[in-house]
Amino acid sequence: MPARRGRRWCRVPAPTWPPPADVYVYTASLYVCGGVSAAQTKPKLSNKEPNLSLIVALPLPTAAAQLCLATRCFRFQKRLLRQNTSMEAKTTEDHLKVHKMKKKVLRKQVRAQHTLMRHEGIECVSHATQSLVIANAGLGNGMSRQQLLRILEEYGAMETLLMPPNKPYSFVKYRTTEEAKKAFNALNGKEVTLEDCDQNIVLYINFVEKVSLQNAVPTSLPPGLMVIEKIISPEEERKMLESIDWKGDEDTQNAQKTLKHRRVKHFGYEFRYDNNNVDKDKPLPGGLPETCNPFLEKCLKQGYIKHKPDQLTVNQYEPGQGIPPHTDTHSAFEDEIISLSLGAEIVMDFKHPDGRTVAIMLPRCSLLVMTGESRYLWTHGITPRKYDVIQASDLRQKVGTITADAGDLTLNRRETRTSFTFRKVRRSPCNCIYPSVCDSQKGQHRLVQPSFPQNEMEASKLEQEYVHKVYEEIATHFSSTRHSPWPRIVEFLRSLPTGSIVADIGCGNGKYLSINEDLYMVGCDRSKNLVDICAEKHFQAFVCDALSVPIRSGSCDACISIAVIHHFSTAERRLATIHELARLLRPGGKALIYVWAMEQEYKNQKSKYLKEKNGNKNKEKEMNTGTAERPLNDQGPDNSSQDSAWSDQLLNGLKDESCSAKPVADFRLPVHTNRTSFHSQDLLVPWHLKDGSKKKEESVDTVLVPGGSKESQELSPVFHRYYHVFCEGELEAACRSLDCVRVQKSYYDQGNWCVILEKL
């Protein structure tokens, strides 16, 4: 077969394998040149026996030819080495990426475990079970029940799927552990896309022992509230919507207004948002749209309203828009207020001053009627969001309240909704039966700021008015804000031996009574309303005073007293409470005590209490409005020598401790400004029974409201609770003064001083 050497062709003998030592072997791709097969000039090198049919073996007659081939071989080996190095680097980089991803998934798993412990008091486990908690797959971050069911059903049959309202996690229980393990391995760290919003999320899975959440008690409509479905036909709805020209002449007095959260138009009278009222002497021209007359005649005929409205506010809400919680000003409008929902359904939130909340579905073409208590006392508003949490059993739910049943909730995407709210302008002052929230009946009387107690009788009276009565009034609202167990308290309870008898003295709503099912726990509290909440949760609790607990001496293996002792107004009463805890313990028994700390910034770390509000804004507000912590009544007598807040016993125990607090300088207790540092150890802390933040014009010259008072600061009551905040070492010194116990541990935990005692 001819092969080319230089510029000439030569005949090469049939090769043998392996070739002679002086022959350079290479395989060649073929091409056809004039009907003659020839070797390509740039061959592919090989040190293995080729599979190709053509093997070209050339003798190397000269040193120059050998050098040329050696150079080519060196270049090829260099190129091959570069390719191998590049492939190894790429492989190493891929391994690093996988390793980083695994670390990230593990880190997110641990964070999800901590979140679950804080919010639900549920501990994740390392071994496989039938139950899983799925972080990032909850109603709170846009995962609907339907989508989550489709994801989970691929790995087995489920017994339970719980999706707590407004939480970013869900719980699922499979029929077998193997199915749960299969879902865990497939879904942990998996990225999925949320339906309808094209947002990617990553799922993080943990095992839990069981799936169990306390469902809220079904609620009823607020008194005086009605929702009437299908009050108008689709044709009437269309006409009313077309009657509103959002693009009309903006020079007219009833022209479109653009607010931050919605579009709005007024007819009859303009509602002024600067004073939440109407100018009754300046009606708008044109009155109400004529298309509304048939609807209003129907409402009058069926008795939903007593007088024909003369004021209309039209609001248009896009998905994600809402309106803050509010009560329509009493002096502005008469009793009945009606609101028509057009274009789409919506969930409206109602809230009582005591903290009770009710979420109500307002279907499309339905009428909301507010009279009496629901009109004058409850606030109503629409939370700005793109999805509403509704009952899953009926996506187009009929009118009614939406309960917090975690086993029957899903998300419903909002659409553009237009509301027609009709009112009758009031021509005389309001004389409703809710004077505490009525602007027409605001009393001028202001209660005198309470004094620091001078004896046992005054101390008991102070606590009765500014602790016991207040908690009776705010119990429901207080309970709604106390749902997250503190991790170190949970750790203490879980460390106790199985079968231990534990008393929670001052149990509140009982959030610690179910932490460890291996314990026999009983709670007690001074507030009957809080104990009733414990009963609704099927906890064992009773009403009593922490100074005298009706439990046999030495019968408890452990006790806890969380945020209780700081409500006693003298050192002697605080010490007596600690002694009562010790009395309940058997020898060797332990007690855990938490009290509020004077030092809300400790070791250069601010507590969560301070972090939750911008400190610079606080300082500015204190400078501009005088809302820093100080007495309401500056006319109190000077009594700089008064020091009844400190017993001689504690003074001896604290003589080496540093504390910036001073004994109360006069008889009047200062009122604390929330989310700021403490400037006095004995003070009153406000509790606001309303949704939003304080109004800008609010100052400390507002009224003090003890429990049971009919007076109020603004449109909703503000109660004041007595506190004695503890300096560093003060709680420990009080405990060491008792001969029957020893301090096993003392520590600081998020703005609280904490002690673990052991009964001797």
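Visitor: Is D532 buried, partly exposed or exposed, and what is its relative accessibility?
Guide: This is a predicted model in which local features need pLDDT of at least 70, side-chain atom pairs count only at pLDDT 80 or more, and totals for chains, interfaces and linings use all residues. Residues are numbered from 1 along each chain as its sequence is written, and side-chain values use heavy atoms, leaving out hydrogens and water. Buried means under 20% relative accessible area, exposed over 50%, and partly exposed in between (1.4 Å probe, protein chains only). D532 is therefore partly exposed, at 31%.

Visitor: With which residue does K528 form a salt bridge?
Guide: A salt bridge is a side-chain nitrogen of Lys or Arg within 4 Å of a carboxyl oxygen of Asp or Glu. The closest N and O atoms of K528 and its partner are 3.0 Å apart. Both residues belong to helix α9 (residues 528-536), four residues apart, so about one helical turn separates them; helices (H or I, at least four residues) and strands (E, at least two) are DSSP runs, numbered from the N terminus. The partner of K528 is D532.

Visitor: How many residues apart in sequence are the parts tied together by D310 and K424?
Guide: The side chains of D310 and K424 meet in a salt bridge, 3.7 Å from N to O. D310 lies in the loop between α5 (293-301) and β19 (311-317), and K424 in the loop between β29 (417-423) and α7 (456-480). The pair therefore ties together parts whose separation in sequence is 114 residues.

Visitor: How many salt bridges does a search of the whole structure find?
Guide: E235, R238 and E242 are linked in a network of salt bridges. For the whole structure, the search finds 21.
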